[in-house]
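Please examine the sequence and the three-dimensional structure shown here.

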Amino acid sequence: MESLGVLLPIPMNAYLESELDRRYKVFRLWESPPERRQDFIRANAAAIRAVVGNSKAGADADTIDALPRLEIVACFSVGLDKVDLAKCRERGIRVTNTPDVLTDDVADLAIGLAIAVLRRLCQADRFVRSGAWLSKGGYKLTTRFSGKTIGIIGLGRIGLAVAKRAEAFGCPISYYSRSEKPNTNYKYYSNLIDLAANCHVLVVACPLTEETYHIVNREVLDALGPKGVLVNIGRGPHVDEPELVAALREGRLGGAGLDVFEQEPDVPEELFGMENVVLVPHVGSGTNETRNAMADLVIGNLEAHVMNKPLLTPVV
Amino acid sequence: MASSSVPQGRPETERPQLLLLRPPLAALDEVLSGRFELLKSWESPLPLDRFLATHAANVRALLVIDLFTVDGPLLDALPALRFVCTTSAGVNHIDLGECARRGIAVANAGTVFSQEVAEYAVGLLIDVLRRVSACDRYVRRGLWPRRGDYPLGSKLGGKRVGIVGLGSIGSEVAKRLRAFGCPISYFSRSRKPQFPYAYFPSAADLAAHSDVLVVACALTHETHHIIDRDVMAALGKDGIIINVGRGALVDEAELVKRVMRGEIGGAGLDVFEHEPAVPEELFGVDNGSAFTSCGHANIRVVFRPLSADGG
């Protein structure tokens, strides 16, 4: 049987790449200069039967059209916003992602960001490192995370994991979702503005789709308010970023912990000078343990496909 | 207005005197002024001993703010003192023996700050493992577009957490970290059968079976440098130490050596042996290395005003 040809659009993970190299014929798109990439794809289209995507690059309509032998898109992420799912369904192309293995890390980071913002942890660290403790006396008072009402947008795997952790801090939990979830004691809001108005920390934990694009807009930010904190561990485009920056600048929003941005790796520089924000470079699943587990899942899905066995974590 | 327990012999209209040796926060000042006549040593041009001799001869109550040391010599200067209250949970800055000998009652902040301290310990641990502060610096310096993705951190879930001191703070830490999937064990002066955690009979034993040590016990003669070289060696080169107790619970010089030699996985420190001095060698430790140091006046919430939550 012909070795599976796998298109890798960007570097993702050394372990993943070495495992792909061991088994398959890997086509590394980034090794061609940008202006030659269409040619590269055309030249190798006959061999490419799989694409490995992630949060930055996947399989959009043009890519799918250019790969007539494409059979499977295996995402090195749980998010599928870079994959044209409708087109995949239309073409009978399978799609897999990496749920569950990254849930803990992403939820841990959400809580870590909330605590860091409310308790000014990074600022305090900077304060000590600068020597200011010696000259300026103690760092100022902040506000506790424990007991604050947490509002979660999207009560899926990650949303539930965030809730479970926040509960251990005595935080009441409420959520907004497309529909109310059975079997939870959490307070459901059918309207996101109402959720934002009634919580202290708002966590974005839903998938990015056309419906959830800019779901956190000016109205939601204003409802969250001058003492409210936004934590985004979803996707940058969930939040209207210019509105977010304006709300922070004008004091209409209390603070933000952000793992994702609309135009990664570019982050609005105005945020760099703000002490009520914590900015991290899309590290939600960024641990050795989890990335290895994600890579194993990608390989596992590709292997299952090659062997005609049931896929491990199919979405399409 | 005096409370119902007005000391005998005083006119009811006279508020009891309360001695302060360090300035309180405004909100605390306001609350106290309503009930006490405040004697504020720092507002006097006199050196402290002269101030006390002149003004504090009859003062019966002292409020300790900012961990001011209360020892024999100070107590000698306050012959009428009956009561010392500290705004902290810790009492290591107060000579309890001397107070007992003189029949002086001592009160602390009890468990009022336990949740704050516990959540800060969790915040520090996530910061160390997931490099939150280091990442924040990286992004603010504009390095993400220039240098690409930040190196990977380490997963919190599944890390064995050993709590040194399972008191109010320690138990609140345990409750939180369980929810992150961390198995919890502890070393404490006595077993706590009401908790479902594994007990180890010494800090070194605990360290040998832990990936993370959270230090949350009181500082006493017995616990000075309880986290010593042996404990650090037992914890191992990938181990993490989180200290939200007192600086002197940890042999700081030894810790610094290990950090510099890469013989410890990382440390999240809210307290230091010689505050506000922090070993400068630690400041250079950045990116790639999981070290976070945080000043902590926000832990020393002086007092919880009756109204706002300080936010």
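The account below begins with conventions and then moves from the sheet to the charged pairs.

This is a predicted model, in which local features need pLDDT of at least 70 and side-chain atom pairs count only at pLDDT 80 or more, whereas totals for chains, interfaces and linings use all residues. Residues are numbered from 1 along each chain as its sequence is written, chains are lettered from A and ligands numbered from 1 in the order in which they are written, and side-chain values use heavy atoms, with hydrogens and water left out.

In chain A, seven strands form an open sheet with parallel pairing, in the order β8-β7-β6-β9-β10-β11-β12. Strands are DSSP runs of E with at least two residues, helices are runs of H or I with at least four, and both are numbered from the N terminus. Two strands pair if DSSP finds at least two bridges between them. The edges are β8 (187–189) and β12 (277–279) of chain A, each pairing on one side only. Neighbouring strands of this sheet are turned by 20 degrees against each other on average, direction ignored. Within the sheet, β10 (residues 229–232) and β11 (residues 255–258) of chain A are joined in the parallel sense over four bridges, and A:Val229 stands opposite A:Gly255 in β11(A).

Helix α8 (residues 157–167) of chain A lies across β6 (150–153), β7 (173–176) and β9 (201–204) of chain A, and runs at about 170 degrees to β6(A). Such angles run from 0 to 180 degrees between N-to-C directions, with axes fitted to C-alpha atoms, for helices over the stretch in contact. In chain B, helix α8 (residues 168–178) is mostly covered, with eight of its 11 residues buried. Buried means under 20% relative accessible area, exposed over 50%, and partly exposed in between (1.4 Å probe, protein chains only). The cover of these buried residues includes α5 (114–130), β6 (161–164), β7 (184–187) and β9 (212–215) of chain B.

The largest nonpolar core holds 160 residues, of which A:Leu230 and A:Ile233 touch the most other members. Its largest share, 11 residues, comes from helix α5 (residues 103–118) of chain A. A core of this kind is a set of buried Ala, Val, Leu, Ile, Met, Phe, Trp, Tyr and Cys residues joined through side-chain atoms within 4.5 Å. Leaving aside residues up to four places away in sequence, the contacts (heavy atoms within 4.5 Å) of A:Leu230 include A:Leu202, A:Val216, A:Leu244 and A:Gly255.

The structure as a whole contains 40 salt bridges over all chains, each a side-chain nitrogen of Lys or Arg within 4 Å of a carboxyl oxygen of Asp or Glu. One of them links A:Arg42 with A:Asp39, the closest N and O atoms being 3.1 Å apart. These two residues are separated by about one helical turn because they are three residues apart in helix α2 (residues 37–44) of chain A. A:Arg42 counts as exposed at 59% relative accessibility, and A:Asp39 as partly exposed at 38%.

A:Asp105 forms one with B:Arg130, the closest N and O atoms being 3.8 Å apart; the former lies in helix α5 of chain A and the latter in helix α5 of chain B, so the pair joins two chains. A:Asp105 is buried, with a relative accessible area of 0%, and B:Arg130 counts as buried at 4%. B:Arg137 likewise forms a salt bridge with A:Asp125, the closest N and O atoms being 2.8 Å apart, and both residues are buried.
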